[in-house]
Amino acid sequence: MPRLFTALEIPRNAAMSLSLLRGGLPGARWIDVENYHITLRFIGDVDGRTADEIVERLDRIERPEFQLQLTGTGAFGSKKPHSVWAGVSNEPEMFALQAEIERICQRLGLSSDPRKFTPHVTLARLRSSRVEDVVNYLSGRGDFLTSPFTVSRFVLLSSRDSVGGGPYLTEEVFPLHEARSSSLASKDKHPASSIW
């Protein structure tokens, strides 16, 4: 069974903006534009029965669409950087969706993810990049910002054994509800939540 994970897709316009961040960093292996995504929950290698149960439970999720924006850049691995990324706006709806997926996975007996959920889009994996080069790369790109976009679904992706970065295959698609229908009830609670 391939490795499975849930993710949010990056629309074409935002992906093209991300692609402009490629280059200028020695030792970087850049992620292909079509493989950009925001991982919600890494599931890993599971048997077919467990995969079917995961799909069945994820299909029951009922959450509204929401707006996201990609903003800023950073790196993982402060002393020995191993990847550079673009940041994601902190939207409560995204965190609520991720938490529900996490609960579903744990109820199905999967161990909890030891890493705190840090939404990001991986731009490159680094091989022996010097810290100074990474700092220089990031210092010129910290003001990165895309236009807001609507997240209308999340997906279950699979990846084959590789060093990371794709190619990924979309196994299942899970639509979110149109915000208009679900926001009427909560409009008074959050009158300015969708204004950018």
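Two strands are taken to pair if DSSP finds at least two bridges between them. Helices (H or I, at least four residues) and strands (E, at least two) are DSSP runs, numbered from the N terminus. The structure is a predicted model, in which local features need pLDDT of at least 70 and side-chain atom pairs count only at pLDDT 80 or more, while totals for chains, interfaces and linings use all residues. Residues are numbered from 1 along each chain as its sequence is written, and side-chain values use heavy atoms, with hydrogens and water left out.

**The four-stranded sheet**

Valine 84 stands opposite alanine 124 in S7. Strand S6 (residues 83-88) and S7 run antiparallel and are joined by five bridges. Both belong to an open sheet of four strands in the order S2-S7-S6-S5, with antiparallel pairing. Strand S2 (28-30) and strand S5 (70-76) form the edges; each has a single partner strand, so one side of each is left without a neighbour in the sheet. From one strand to the next, the twist averages 30 degrees (axes are lines fitted to C-alpha atoms, for helices over the stretch in contact, and angles run from 0 to 180 degrees between N-to-C directions).

S2 pairs with S7 in the antiparallel sense over three bridges. Arginine 29 has arginine 125 of S7 as its bridge partner, and tryptophan 30 has alanine 124 of S7. Six of the seven residues of S7 are buried, so this strand is largely enclosed by the rest of the structure. Here buried means under 20% relative accessible area, exposed over 50%, and partly exposed in between (1.4 Å probe, protein chains only).

**The annotated histidines**

For "active site", an unreviewed UniProt entry lists His37 and His120. Although they are spread over 84 residues of sequence, they cluster in space, with a largest C-alpha distance of 8.1 Å. UniProt positions are given in the numbering used here, feature names are shortened, and annotations may be inferred rather than shown by experiment.

Histidine 37 lies in strand S3, and histidine 120 is found in strand S7 (residues 120-126). The table gives the accessibility of each residue and a polar contact of its side chain, that is, a pair of N or O atoms within 3.5 Å; within protein, one must be able to donate a hydrogen and the other to accept it, and residues adjacent in sequence count only if both atoms are side-chain atoms.

| Residue | Relative accessible area | Backbone oxygen contacted | Distance |
|---|---|---|---|
| Histidine 37 | 13% (buried) | Asparagine 35 | 2.9 Å |
| Histidine 120 | 19% (buried) | Threonine 118 | 2.6 Å |

Contact means heavy atoms within 4.5 Å. Not counting residues up to four places away in sequence, histidine 37 touches Phe5, Ala7, Leu8, Ile10, His120, Val121, Leu157 and Tyr168. With the same exclusion, histidine 120 touches His37, Ile38, Thr39, Phe76, Trp85, Ala86 and Val88.

**Helix H2**

In helix H2 (residues 48-58), the buried residues are Thr50, Ala51, Ile54, Val55 and Leu58. Viewed down the axis of H2, they fall within an arc of 140 degrees, so they line one face of the helix; the arc is that of the directions from the helix axis to the C-beta atoms. These buried residues pack against strand S1 (3-9), strand S3 (37-45), helix H3 (92-107), strand S9 (153-159) and strand S10 (168-175). The face turned away from the buried side carries the exposed residues Arg49 and Asp52. At the start of H2, a side-chain oxygen of aspartate 47 comes to within 3.1 Å of the backbone nitrogen of arginine 49.
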